[in-house]
Amino acid sequence: DHHSYVQVFDRATGAFRWQFHRKGHLYGAGVAPGGELWTSSANCWAVAGEMVRLDGSGQQQAAQFVQWMPSIYGQGMAIGSANGRLQKLDSAMTLTDLSTMTGAGSTSTPLLTGQQLVLWDGTAQVLRSVNLASGVRAFEYRGVMGASPDFELLRDGGVAWTAQLPDAGLLGAVNGRGEELLHCPLSTPVDSATAIIRGRAYVFSNAAIVAYEVPGLDVEPSGWVSSM
């Protein structure tokens with residue numbers, strides 16, 4: 001049997017604090033706001049997995065077998081795929097089907113901050129922003145181009161992305177209302193995920209780090225904001 005560990009260190013000093021151990025494999029682990037650790041694990045011959053939620057001191061708060069694959073974690077919730085649909089798992093380990101609200105399938109790439117869920121539906125080639133509390137869609141955008149786009153959630157609820165074109169790259173962005181901010185071909189290919197920091201977009205291209213000026217754009221400081 002294999003064994004998996006999540007180790008926790010003090011942010012200020014680097015001192016070891018505690019660790020979480022499971023037999024088998026971790027099929028998704030993430031830290032939610034407030035320091036909660038969520039994990040999905042299964043033994044070597046089983047499907048994913050047993051969901052466990054721990055508080056910031058390592059004390060177990062809830063555990064239940066949920067046959068699903070988690071993708072992202074928010075405040076008191078996880079988002080992932082189960083039964084071929086996009087689902088929300090709350091802190092009591094109860095699944096809620098999000099497919100009707102979001103119009104998305106299980107393969108959608110989600111981003112999350114607070115109650116605002118932004119997801120890329122690759123099948124329909126559409127970018128959607130939905131409030132999970134109200135069910136209201138903030139926008140639906142169909143102008144994403146290029147192969148394998150990589151997304152970052154912006155401070156105003158908008159989204160920026162990079163993608164690979166046949167002969168170069170592309171950098172695009174929309175604001176929180178789905179209005180286009182950028183649609184810029186890049187002179188170099190995009191070989192990795194993009195980091196947007198204080199008005200600059202950094203990409204790995206041709207074995208070098210390349211920075212592009214993107215005035216006014218900055219990534220959302222909290223939540224699960226990147227599709228890396």
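Strands here are DSSP runs of E with at least two residues, numbered from the N terminus. The model shown is predicted.

**View 1. The open sheet β15-β16-β17-β18.** Four strands make up this open sheet, in the order β15-β16-β17-β18, with antiparallel pairing. Its edge strands are β15 (147-153) and β18, each of which pairs on one side only. On average, neighbouring strands of the sheet are turned by 15 degrees against each other, direction ignored. Strands of a sheet pair through backbone hydrogen bonds, either parallel or antiparallel.

**View 2. The pairing of β15 with β16.** β15 and strand β16 (residues 159-164) run antiparallel and are joined by five bridges. Opposite Ala 147 stands Gln 164, a residue of β16.

View 3. Strand β17 (residues 169-174) runs antiparallel to strand β18 (residues 180-186), and six bridges join them.

View 4. Ala 193 is located in the loop between β18 and β19 (195-197). Ala 193 counts as partly exposed because its relative accessibility is 25%, and partly exposed covers the range between the buried limit, under 20%, and the exposed limit, over 50%. A separation of 5.9 Å lies between the C-alpha atoms of Ala 193 and Asp 150, which are 43 residues apart along the chain.

Definitions and conventions:
Residues are numbered from 1 along each chain as its sequence is written. This is a predicted model: local features need pLDDT of at least 70, side-chain atom pairs count only at pLDDT 80 or more; totals for chains, interfaces and linings use all residues. Side-chain values use heavy atoms; hydrogens and water are left out. Two strands pair if DSSP finds at least two bridges between them. Buried means under 20% relative accessible area, exposed over 50%, partly exposed in between (1.4 Å probe, protein chains only). Axes are lines fitted to C-alpha atoms, for helices over the stretch in contact, and angles run from 0 to 180 degrees between N-to-C directions.
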